[in-house]
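Let's take a walk through this one together.

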Amino acid sequence: MVVLSALCAAQSPDTMAAPKQETPLQALPYTPGLDVDSMDRSVDPCVDFYTYSCGGWNKQNPIPPDQASWSVYGKLTDENQRFIWGILEDAARPSPSRNAVQQKIGDFFSSCMDEAAIEKAGAAPLEPALRELAAIKDVSGLAPWLAGQHLVTFGYTSMMFGFGSSQDLADSTQVIAFASSGGLGLPDRDYYLKTDARMQETRKRYMAHVQQMFELLGDSPTQAAQEAQTVMRIETAMAKASLSRVELRDPYKIFHKMNRVELQALTPSFNWNAYLATSGVPGLQTFNVTEPEFFKELETLLKSESLENLKTYFRWQVVRQNAPYLSTPFVTANFDFYRKYLQGTEQIRPRWKRCVQLVDYQLGEAVGQVYVARTFSPDLKARTLKMTKEIEAAMGQEITALDWMGAETKQRALEKLHAVVNKIGYPDRWRDYSSVNIVRGDFFGNFERATAFESRRELDKIGKPVDHGEWQMPPATVNAYYDQQMNDINFPAGVLQPPLFDPRMDDAPNYGNTGSTIGHELTHGFDDEGRLFDAQGNLRDWWTKQDAAAFEKRAQCVVDQYAQYVVVDDIHINSKLTEGEDVADLGGSVLAYLAWFNETKGQKLKSSGGFTPEQRFFIGFGQWACENQRPENLRMHAITDPHSPGKYRINGVVTNMPEFQQAFQCKAGQPMVRAHRCKVW
Ligand SMILES: [Zn+2]
């Protein structure tokens, strides 16, 4: 799933009148899992349940100037960051008693906060890479240079293409190399291809931004304007050869296993030998080329564009990818285009916040060790694990009872369900960062070394047994995920905190909120994409034809439903893109409700605060999704985000649930009652 009224909590009464000065949090503030103040009870729950649950929250929580949107998840993330800020400040104090983990996270943070040194350095950290690029004599010389750059930039959004590792889609026990599309400076290929007025305007602004960055590197305005044209032409060609986000959701479309000869034949002008040697994997023989057409286009570009033009593209990509870690002119220009113009954010986040996020991103399991020790008790782990098992049991019950699935498919579905591994809170074994050299006072060096560590770690997995204990998210993350090839669900400690999971509350709102999220992740294993993988995480069709058709018919009901909803302006949800998430939202709540019903069967549940237990389940559910969004951000997400906006993630679900309609005594014909309900699980 994918992803701060409590700001005053850390202030003493005598500082309340002073201008708001943010300070680290010593503990995470408490927000109840069901908050009556967040509701708007003047709204009829049968007319607009989202606003009924979240109307108060929406009024009380205007979007802070440094955010593109604001939500219950975003607010908890922000609180987490303020809490981690305290952890990092402690760790940054030089002391002989610091352990190796504290030294790394503390000194990385301290170097990131050293603005004077970063300003003084200006663009100097880029000089070695740009000098090497300038010295390249022919096209084949680009490959080893690019490999070096890929190691120190973030994987799959890499310049020109992405290169990393992943499980073989046909045999999940093997990790192989993946070469994928990438290399765009705008958030999606649609930004290059759509012809409406807004997109044309966006492209103009983008070109102006590219030009500005070249000028910051010292080029004349005339030269920089020409260079921006070159970048636009090359990236547009790449965009045309890239698959759409909807196509990328089809694993069969991105599975093209090749040997080295075949890969080389796809791009004869690219020196793969040199690329792989510099990447430290000279012997690789097996590759999944996710989009062969994209690599064919790269070959065309390598042949048709001059070496100088290709270098211009790479210069742009170097400065684009590193801009946030350079001096103020680069940081500001990058913010102005990507965050302000594209997402509507008014102000850049304070430096501490950017540094906390970076350290947590790059050394997440080092930060996570301290975070977990202070926020995630064994008792909390036991409670959330128990809930997970109950939701799995509910799914078993649902599958067994399905009237549209035959016995054969049911048996395999149950096999897959029983094979799901639950990962709760944090990894059993922490990632070892001992080989990452973190030097106090060398921010850019630390950033590059931490990135290179991660790139190498990815490449080192190739040919080795799959590590099933690995996590893709650090423990402090307020998010969760299902991994279709690991067949596991992962809930970092950060997402199991109030108000999402509230140990002080009874089961009703907790099952409504976190329970629905657990159910959501679980059903991802059986959504339009996840269902294509078997219990072992292999891309293999285990459905009878008839059952697959019955599933698709039911999922199509959800696709048609969400296609009706408007995101912003006249832009509707691209419900082929959001299909998996929408189906998971619906299934998640159905399962959570059933699990809660099973768990509390025989108990005498009482009303509380004027709400029946059933109503409290649904209000807990509604309140996970409270959010305010800037229109610019909504426009971007309408293209890039596989999740629907919060309002529809709530209203779209409850309109399909008779349990909801019963809880609030809604009548046929009211907006929260669909005449033809969709039901998959
Ligand atoms: Zn999801």
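**Starting at the metal**

The zinc ion is held by His520 (NE2), His524 (NE2) and Glu581 (OE), at 2.0 to 2.1 Å. Donors here are N, O and S atoms within 2.8 Å of the metal (3.2 Å for Na, K and Ca), and since water is not among the atoms, sites may look incomplete. Read along the chain, the donors of the zinc ion give the spacing H-x3-H-x56-E. His520 sits in helix H21 (residues 507–524) and Glu581 in helix H23 (residues 579–599), so the pair links distant parts of the chain, 61 residues apart. Helices (H or I, at least four residues) and strands (E, at least two) are DSSP runs, numbered from the N terminus. His520 and Glu581 are both buried, where buried means under 20% relative accessible area, exposed over 50%, and partly exposed in between (1.4 Å probe, protein chains only).

A quick word on what you're looking at: this is a predicted model, in which local features need pLDDT of at least 70 and side-chain atom pairs count only at pLDDT 80 or more, while totals for chains, interfaces and linings use all residues. Residues are numbered from 1 along each chain as its sequence is written, and side-chain values use heavy atoms, with hydrogens and water left out.

Now to the disulfides. A search of the whole structure turns up four of them, a disulfide being a pair of cysteine sulfur atoms within 2.5 Å. Count the bonded cysteines along the chain and the pattern reads 1-7, 2-6, 3-4, 5-8.

Take Cys46 and Cys666, whose sulfur atoms are 2.0 Å apart in a disulfide. Cys46 lies in the segment before helix H1 (49–60) and Cys666 in the segment after helix H27 (658–663), so this pair ties together parts that are 620 residues apart in sequence. The link of Cys46 and Cys666 is left-handed, with -80° about the S-S bond. Cys46 and Cys666 are buried.

Another disulfide joins Cys54 to Cys626, at 2.1 Å from S to S. Cys54 is in helix H1, and Cys626 is in the loop between helix H24 (613–622) and strand E11 (627–629), so distant parts of the chain are linked across 572 residues. Which hand does this one have? The torsion about the S-S bond of Cys54 and Cys626 is about -75°, so the disulfide is left-handed. Cys54 counts as buried because its relative accessible area is 0%, and Cys626 is buried too, at 1%.

Cys112 and Cys355 also form a disulfide, with their sulfur atoms 2.1 Å apart. Here Cys112 belongs to helix H3 (residues 100–113) and Cys355 to helix H16 (residues 351–362), a link between distant parts of the chain that are 243 residues apart. The link of Cys112 and Cys355 is left-handed, with -80° about the S-S bond, and both cysteines are buried.

Most residues other than glycine have a negative phi, and most peptide bonds are trans. Pro498 and Pro499, however, are joined by a cis peptide bond, with omega about 5°. You'll find Pro499 in the loop between strand E8 (488–492) and H21. Asn487 is not a glycine, yet has a positive phi of about 50°; look for Asn487 in the loop between strand E7 (481–483) and E8. Asp569, not a glycine either, has a positive phi of about 50° and lies in the loop between strand E9 (566–568) and strand E10 (571–572). Are these two buried or exposed? Asn487 is buried, with a relative accessible area of 1%, whereas Asp569 counts as partly exposed at 42%.

Finish with some helices. Helix H2 (residues 72–92) packs against helix H17 (residues 364–375) at an angle of about 110°, with their axes 11 Å apart. Axes are lines fitted to C-alpha atoms, for helices over the stretch in contact, and angles run from 0 to 180 degrees between N-to-C directions. That makes H2 roughly perpendicular to H17, the word covering 65 to 115 degrees, with under 35 roughly parallel, over 145 roughly antiparallel and the rest oblique. On the H2 side the contact (heavy atoms within 4.5 Å) is made by Asn80, Phe83, Ile84, Ile87 and Leu88, and on the H17 side by Val367, Val370, Tyr371, Arg374 and Thr375.
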